[in-house]
Amino acid sequence: MRRRAVPAVLEARGLSRRFGGLVAVADMTFTLRPKLAHAVIGPNGAGKSTLIDLLSGALRPDEGTIHLNGEDVTALPDWRRARAGIGRSFQRANLFSTLTAYENVRLAAQSTTPGWRLIGAVCDDAGTWDLALSALEQTGLEAVAEHPAGSLSHGQRRLLEIAVVLAALPDVLLFDEPLAGLGPEETAPVVKLLRKLASTHTMLLVEHDMDVVFAIAGQVTVMVDGRMLESGTPDAIRASAAVRDAYLGHRS
Amino acid sequence: MTRLSTKGHRWLGLGAALLASMPLWAAPYYMQLASSALIAAMFALSLQLLTGGAGLVSLAHAGFFGLGAYTVYLLGGGSSVFVSVPAAMLLSGVAATAIGRLALRTRGFYFLMTTLAFGQMLFFLFHDTSLGGGADGVFIARPGLIWAVTKSARPTVFLLLNLATLSLMYFSLWKLMGTMFGQALAGIRVNEDRMRAMGHDVQGLKLAAFIVSGALAGLAGHMAALTDAFVSPELLGWHRSAEALLMILLGGLGALHGPILGAFALTLARELGQSITERQRLVEGVVILAAVLLLRRGLAGWRQ
Amino acid sequence: MPAMSRRSMLEGALGGALGGATATLLAAPAIAQGATLKIGLMLPFSGTFAALGEAIAAAFALYLKELDGKMGGRIVELVRVDDESDPAKAPSNVNRLLGREKAEALVGTVHSGVVMALVQAAREQQIPLIIPNAGNVAATRDLCSPSVFRSSFSNWQPAYGMGKALAAKGVKKAAWVTWEYAAGKESAEGFGDGLRSGGAELTKVLTLPFPETNFQPLLAQLPGLKVDAVGSFFAGGGAIQFVKDYAAAGLRDKLPLCGSGFLTEGVLKAQGAAAEGIQTALHYGDGIENPKNTAFRAAYKTVTNRDADVYAVQGYDAAQMLAIGLAATKGDASAVKDISAAIRAAKIDSPRGAFTVSASHNPVQTIWLREAKNGENRVIGVAAESLADPGTGCKMA
Amino acid sequence: MGGFLAQILNGLQYGLLLFLISSGLTLIFGVMGVINLAHGSLFMIGAYLAYVVAGLTGQFWLALPAAVVGGLVFGAVLERGLFRKFRQREHLDQVLLTFALILLFEEARAALIDNQFHAVPVPPALDFSVPVIGGFAYSAYRLAVLAICLAVAGGMVAFVERTRIGASIRAAAENSEMVDLLGLDARLIHTLVFASGTALAMLAGALAAPLQSVYPGMGDGFLILSFIVVVIGGLGSIAGAFWAALLVGMIDTLGKVYLPEMAGIAVCGMMALVLLWRPSGLFSRG
């Protein structure tokens with residue numbers, strides 16, 4: 001009933017993936033709803049990154065299906081899923097470090113343009129220019145637009161990572177530890193941005209920082225050994241004894 | 001810069017002028033030598049679109065080069081260059097389309113191995129069957145230019161023709177690198193996964209680059225056939241692809257004109273090596289080691 | 001690039017000067033620059049055929065020494081280029097000899113693809129060329145030229161001899177096994193023509209890609225062919241392996257194996273017992289008795305410490321032919337017509353037995369029938385007397 | 001019929017030899033992520049080693065352990081001294097470096113031995129032929145090679161499928177980050193895999209020496225074929241390499257009989273079909 005009221009933007013059913021004999025993700029079923037940040041937490045090696053890879057299409061699931069806005073996208077390769085509206089960030093800095101910040105987002109914006117454009121210099125294209133600038137504005141990086149990505153501060157790079165995702169105009173955001181490696185002062189602007197995006201986009205957030213997770217997420221899923229241990233509201237998760245034993249307990 | 005650097009245009013222009021002036025001061029042998037360096041440069045430059053441009057290492061390109069050369073033979077004697085040039089590029093382009101479609105289904109080493117195997121398939125086609133006149137190679141009648149070229153004028157004419165073709169090829173590729181297509185290739189070279197995650201049709205882009213690159217290799221092969229009037233299956237052997245890669249590495253992966261420097265440097269090294277020792281493999285092996293271990297940015301990056 | 005190319009030219013010129021200087025030092029006392037006659041030896045000095053190239057070069061130098069280092073009155077300087085048996089590098093290697101080293105005459109080579117580039121240059125620029133091995137028929141058929149000579153054989157010749165000898169022994173049907181390349185095809189034609197000359201026929205030709213040595217698939221087909229004998233053309237490692245595999249497959253006693261002489265040339269020791277009794281046909285062999293042969297073998301052994309083989313003979317005769325031609329023109333290598341006439345008219349006193357040169361410039365020679373015995377290819381008779389290549393399609397300009 | 005049976009035996013024997021070469025390759029690619037164009041040269045080195053050992057001692061059988069031990073040592077040295085440093089380099093560097101190795105190995109062979117073809121005698125104990133139906137005899141040594149290859153293949157499968165180290169190698173071959181996740185000593189696994197791959201290629205060379213003689217550049221053809229086997233078999237899959245090697249051996253052998261001009265092309269055609277149907281290989285997932 002709730003489903004009908006708030007339709008799922010992204011729906012995963014029974015997702016599984018093995019490497020060799022090792023199970024990385026097993027039977028994950030969940031939905032992402034609009035304007036609701038869904039956080040996935042769990043210990044290292046729990047399969048969170050593999051899950052993002054499965055959703056974005058970087059990996060094919062051994063079993064299970066993925067639906068985007070009601071359509072089965074399980075068979076679509078990653079780039080088609082990206083064009084269909086799934087944008088993802090990467091845990092390790094995954095930018096074009098020798099290109100400027102602007103050029104990084106422009107490459108992402110360019111993917112929204114059909115055709116390959118074998119003729120005509122890229123700088124002449126107005127649509128791409130607008131998209132790229134808007135992504136930089138949203139992330140507050142206009143000032144460093146002309147700086148090579150490699151020369152940016154760690155925090156700025158995390159923001160650029162997000163800007164690159166935004167420039168392709170996605171419906172669903174998959175963020176893989178967007179705060180990884182950031183110090184306390186650098187965290188604040190990224191968290192602010194995430195919070196803002198959570199109110200406008202559909203988001204799946206893999207993050208270790210529990211304070212951030214509980215501050216942003218409307219739903220939290222706990223993964224252990226590739227399986228879903230528990231899923232519910234932040235309060236429910238905080239209260240769960242199983243989660244405390246299996247996961248949160250380790251961390252304190 | 002990630003995208004291929006185009007610094008050093010001034011120097012390129014000077015070099016071209018120097019080569020163009022060779023008929024005034026150089027012996028025919030050195031013009032022939034320059035011609036073969038120019039052809040090697042065309043071949044390596046065609047591959048640079050893939051390797052420097054999109055980060056793909058192909059070992060099939062000697063196959064396309066040879067196919068372009070053999071087009072002249074397959075057309076039979078007496079065709080005009082206005083027929084044989086498009087035909088060579090078309091044939092190599094078609095072969096590149098077929099092979100690219102299959103090989104690009106794989107990535108990384110698998111792409112390398114697949115291109116090696118398909119390149120050898122083209123080699124076998126001309127080596128084992130009678131399609132191309134047999135394993136020993138054949139003389140061919142040169143395609144007709146607009147005017148008849150006398151024997152003594154050949155070194156001059158071919159030098160200038162090869163220089164003009166290389167210049168045109170370089171200019172076109174330089175333009176291409178500035179387009180969205182060129183930018184996207186540069187992105188693929190640095191970070192293919194990210195490009196895919198951004199929604200770029202990486203496969204399609206790579207295929208397009210593969211085809212253009214194959215057709216240009218065919219053009220280089222055509223110029224080799226025109227210059228030497230002799231084709232043999234060895235033109236298609238994978239060792240020749242590796243040599244083109246060596247030229248790219250020697251010249252510098254990061255610069256569009258790197259392969260041109262590399263081709264001239266390798267021709268020079270060979271020429272000197274041949275005066276010193278009969279052990280050509282040793283010379284080449286040492287050049288590669290030096291290039292890989294010492295010249296990390298190639299000759300083009302050396303001065304920057 | 002400009003810096004590069006300028007340097008390339010300078011250093012190229014420098015390298016040339018250096019190369020020239022060392023070569024001059026090595027040559028006999030140089031009188032005047034103009035007097036030295038440069039002969040380009042384009043041969044394989046590395047790779048599979050390296051041993052053949054060395055044998056040819058050594059024997060060529062041996063004859064040159066007999067002439068006190070002079071041909072046609074001019075001091076000869078030999079310029080060696082390793083052709084690596086790579087046809088794709090052949091055009092530039094030829095350019096190198098002619099353009100940079102200024103060779104006035106050419107000798108080469110073993111590989112039948114590489115020789116095409118030599119033939120092409122010799123035809124276009126009217127430079128005398130002696131081919132000391134490569135047997136592709138085209139060089140003395142379609143592509144024959146006043147400037148192109150062969151001191152060796154055409155692929156057709158030894159195989160023809162073998163076919164003729166088999167037919168004379170009463171064989172009615174035979175098969176030919178070879179590599180899928182020009183030499184293989186041409187030898188198959190020769191074998192067929194030889195068989196037919198004696199009323200027999202060639203019923204099947206089996207091939208595998210050059211230079212593969214996985215002969216099993218071919219051998220397995222032989223018993224089913226219903227032939228009286230099997231002939232073959234292989235050389236080097238292929239020949240070793242083929243003969244051994246043939247014996248191992250138990251075919252030796254059922255189907256006598258014979259072949260073009262290269263099947264057992266220079267490889268008998270490696271083939272061992274498997275080769276014993278195999279008959280082959282070639283223009284040279286062990287036990288040819290003539291004074292020239294005795295003297296040549298002794299001299300070659302002294303110089304190289306190796307026994308002379310057919311390749312050495314071909315190299316030696318290449319030098320003889322060139323010397324005859326140049327003697328007629330007093331060392332003028334550009335007088336191709338006169339050189340050609342002189343060689344055509346000559347009887348070359350070869351260790352293989354004297355031979356003349358046909359109208360298409362291929363040796364008219366005796367093809368010996370030999371039998372492998374105790375590590376030697378003993379001559380046991382004549383397979384074909386004064387055999388000339390048909391020279392089909394040769395139109396001398 | 002006897003002829004056809006013999007062809008099948010030929011295909012099997014050829015395919016099994018190919019398996020020895022390509023199984024090492026597929027593991028090296030999968031686990032270490034380096035390309036080695038000089039793998040064919042290792043085959044050549046193994047064959048020349050057999051020629052030298054058999055020549056010096058008169059005992060061909062000694063050549064087999066010599067190839068295995070020599071291969072393990074040589075492989076370990078190559079891995080520690082060279083390939084380890086080049087793992088992170090671009091493919092282009094790896095291609096050219098290993099291409100240079102081909103040239104230098106050939107040059108070393110020319111300098112140490114010579115440029116000649118050399119026959120390696122079949123061990124006397126196996127120098128006889130076993131009759132097959134239809135008037136065709138099959139060399140006992142070839143049958144022995146067949147048996148040895150099968151035994152090695154069986155041993156490898158058992159090792160990779162049944163032991164702990166084997167399981168890690170399999171996991172690593174599919175996803176090279178798994179080694180780190182499993183907390184294994186990645187460096188040790190790499191050395192082990194590279195050394196075994198080298199030993200297998202050299203063993204194959206030694207076994208092949210009496211079958212096809214030793215000669216310059218003898219590894220070239222095998223390099224291409226083993227690449228095709230790895231592509232057809234699929235990423236890091238031993239089982240894939242096994243079946244693909246048999247398939248390629250069979251097609252190549254039968255191709256030579258029925259379509260001699262097309263044998264080389266037929267194998268590549270086979271690879272093309274596999275790429276169309278299952279781009280990541282017959283035996284890989286996804």
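## Close-ups of a predicted model

**View 1. Strand β9 of chain A is mostly tucked away.** Strand β9 (residues 219–224) of chain A has five of its six residues buried. Keep in mind that this is a predicted model. On one hand, β9(A) is joined to strand β3 (residues 37–41) of chain A by four bridges, and these two strands run parallel. To spot this pairing, find A:Ile41, whose bridge partner in β9(A) is A:Val222. On the other hand, β9(A) pairs with strand β10 (residues 227–232) of chain A over five bridges, this time in the antiparallel sense. Here A:Val222 turns up again, with A:Glu230 as its bridge partner in β10(A). Strands of a sheet pair through backbone hydrogen bonds, and they can do so parallel or antiparallel.

**View 2. Four strands of chain A line up in an open sheet.** Reading across the sheet, the order is β2-β1-β4-β5 (chain A), with antiparallel pairing. Which strands stand at the edges? They are β2 (22–32) and β5 (71–72) of chain A; each has a single partner strand, so one side of each is left without a neighbour in the sheet. Elsewhere in the sheet, strand β1 (residues 10–19) and strand β4 (residues 63–68) of chain A pair in the antiparallel sense over five bridges. One residue pair to look for is A:Arg13 with its bridge partner in β4(A), A:Thr65.

**View 3. Two helices of chain C cross.** Helix α2 (residues 50–66) and helix α10 (residues 291–304) of chain C have axes that come within 10 Å and cross at roughly 110°. The two helices, α2(C) and α10(C), are therefore roughly perpendicular to each other. Their crossing is right-handed. From α2(C), the residues that meet the other helix are C:Ala58, C:Ala59 and C:Leu62, while α10(C) brings C:Ala299, C:Tyr300, C:Val303 and C:Thr304. Sorted by class, this contact has six nonpolar residues, one polar and no charged.

**View 4. Two helices of chain D pack against each other.** The axes of helix α5 (residues 140–162) and helix α8 (residues 186–212) of chain D are 11 Å apart, and the helices pack at an angle of about 160°. That angle is over 145 degrees, so α5(D) and α8(D) are roughly antiparallel to each other. This crossing is left-handed. Zoom in and you'll find D:Tyr141, D:Arg142, D:Val145 and D:Ile148 of α5(D) meeting D:Leu207, D:Pro210 and D:Leu211 of α8(D). The contact is made up of six nonpolar residues, no polar and one charged.

**View 5. Chain B touches chain A.** This contact takes 26 residues from chain A and 23 residues from chain B. On the chain A side, the elements that give two or more residues are α3 (78–84) and α4 (101–110). Of the elements there, α3(A) gives the most, with four residues. By class, the chain A side has 14 nonpolar, seven polar and five charged residues.

**View 6. Chain B also touches chain C.** Here 37 residues come from chain C and 41 residues from chain B. Helices α1 (2–26), α3 (90–100) and α4 (114–125) of chain C each give two or more residues to the chain C side. The largest share, 12 residues, comes from α1(C). Split by class, the chain C side has 16 nonpolar, 13 polar and eight charged residues.

Terms used
Residues numbered from 1 in each chain as written. Chains lettered and ligands numbered in written order. Predicted model: local features only at pLDDT ≥ 70, side-chain atom pairs only at ≥ 80, totals over all residues. Contact = placed C-beta atoms within 7 Å. Nonpolar A, V, L, I, M, F, W, Y, C, P; charged D, E, K, R; others polar. Pairing = 2+ DSSP bridges. Axes fitted to C-alpha atoms, helices over the stretch in contact; angles between N-to-C directions. Parallel < 35°, antiparallel > 145°, perpendicular 65-115°, else oblique. Left-handed = near helix turned anticlockwise from the far one by under 90°. Buried ≥ 20, exposed ≤ 12 C-beta atoms within 10 Å, placed from the backbone.
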